[in-house]
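Biologist: Could you walk me through this one slowly, please? I like to know what stands behind each label.

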Amino acid sequence: MVKETEIVEPAENNHTPPGWPIELIEFEPSGKAPKSPHGNGVYRFSAALTLSVILPRRGWTLIKQTKNYAYLRPPADQPNPPFRISIAVPTRAECVAIAKRSQARGKSWMGQLGEWPVLYIHERNRDMREMWRNRDTGKIETILHPVPLQSSLHIGEWGIWQAEVNDDSGDFVVTRFSPEPCPLEGATDQPTTAPVVDLFEGAERAVVLTTYERNSEARRRCIAHYGATCQACDLDYEKKYGAIGAGLIHVHHITPISRVSQEYQVDPVRDLVPLCATCHHVVHRREPPYTVLEIRRAIAERAACPLSGPREI
Ligand SMILES: [Zn+2]
Ligand SMILES: [Zn+2]
């Protein structure tokens with residue numbers, strides 16, 4: 001657990017740090033707040049930690065804050081989404097420089113730079129121990145997958161603006177710098193939802209999840225058990241696309257996030273499930289993710305009333 005620590009950074013205690021350009025950031029609510037009891041024109045936002053603080057400084061009214069959402073009423077001059085605010089954001093180069101200075105100090109820290117929450121994790125051990133039961137002997141077998149130590153810096157919050165810097169064999173690279181499209185490509189799983197109030201721990205866990213979902217041996221065992229078929233919609237890439245689709249499938253980690261820790265051991269059959277790219281995308285639309293059963297039900301419901309129009313998103 002990273003504690004708030006005293007860190008000397010130039011951007012601390014300063015809403016407009018020197019060298020940080022003021023950017024116009026456009027953002028969308030995750031929905032409207034219920035009319036009752038909030039009245040009309042109140043919106044729900046997912047970046048609760050950040051928005052509940054920075055928007056009231058800009059004429060917004062904070063109606064309510066929950067663990068996952070902030071409900072806010074916009075100022076009269078921009079009543080409808082998409083909303084815009086101007087705010088100082090670090091450049092990519094400055095993000096890397098902050099990561100390097102943090103690395104040099106040699107410890108994890110969290111705090112605030114400019115108006116953004118920041119979490120730096122120093123050289124985290126990401127080794128993974130995988131565990132399964134040997135079907136022949138009935139015994140538990142384990143294997144340790146060593147993963148290089150990695151430091152990472154996260155600035156901002158998902159749902160408004162965020163930057164992520166990771167060390168790639170000793171060199172820091174910017175791996176996320178929004179506003180940019182959410183990455184969800186190829187056979188790997190990029191968590192697009194850094195959890196909300198959970199931001200600090202969530203950022204760390206998201207990396208853990210990625211590691212599990214990318215682990216090739218666990219993935220192989222999972223597919224060996226279920227087949228390379230989407231367990232939510234039954235899509236089989238090879239059946240649909242022929243040879244060019246053979247073996248293509250995402251593997252999703254279904255264990256509740258709260259159970260994931262460095263000591264956590266993956267059971268490729270119980271904890272992992274093959275999903276097609278589309279279903280995987282939908283599963284991660286919510287934090288915590290939808291279950292495979294929920295997706296199956298949603299597809300069945302949709303199939304049952306094909307004439308209803310597209311629903312509001
Ligand atoms: Zn699917
Ligand atoms: Zn997933």
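Biologist: What makes the link between His252 and His280 a polar contact?

Modeller: In this predicted model, the side chains of His252 and His280 are joined at 3.3 Å. A polar contact is a pair of N or O atoms within 3.5 Å; within protein, one must be able to donate a hydrogen and the other to accept it, and residues adjacent in sequence count only if both atoms are side-chain atoms. The 3.3 Å between these side chains is therefore a polar contact.

Biologist: Why is His252 called buried?

Modeller: Buried means under 20% relative accessible area, exposed over 50%, and partly exposed in between (1.4 Å probe, protein chains only). His252 has 2%, so it counts as buried. His252 sits in strand β14, residues 250-253; strands are DSSP runs of E with at least two residues, helices are runs of H or I with at least four, and both are numbered from the N terminus.

Biologist: What ground rules apply here?

Modeller: Residues are numbered from 1 along each chain as its sequence is written, and chains are lettered from A and ligands numbered from 1 in the order in which they are written. As the model is predicted, local features need pLDDT of at least 70 and side-chain atom pairs count only at pLDDT 80 or more, while totals for chains, interfaces and linings use all residues; side-chain values use heavy atoms, with hydrogens and water left out.

Biologist: How confident is the predictor in the protein chain, by mean pLDDT?

Modeller: pLDDT is the predictor's confidence in each residue, from 0 to 100. The chain has a mean of 78, with 77% of its residues at 70 or more. Over residues 180-212, though, the value is below 50, and this stretch has 77 contacts in the model beyond near neighbours in sequence; contact means heavy atoms within 4.5 Å. Residues 257-263 also stay under 50.

Biologist: How do you know that the span of helix α3 agrees with its number of residues?

Modeller: The expected span is 1.5 Å times one less than the number of residues. For the 14 residues of α3 (residues 92-105) that gives 20 Å, and the end C-alpha atoms are 20 Å apart, so the two agree.

Biologist: Is Ile299 buried, exposed or partly exposed?

Modeller: Its relative accessible area is 37%, so Ile299 is partly exposed. Ile299 belongs to helix α8, residues 292-304. Leaving aside neighbours within four places in sequence, Ile299 is in contact with Ala232, Cys233 and Cys279. The C-alpha atoms of Ile299 and Cys233 are separated by 7.5 Å, although these residues lie 66 apart along the chain.

Biologist: What makes Asn13 an exposed residue?

Modeller: Its relative accessible area of 79% is why Asn13 is called exposed. Asn13 lies in the segment before β1, and its phi is near 55°, a positive value in a residue other than glycine.
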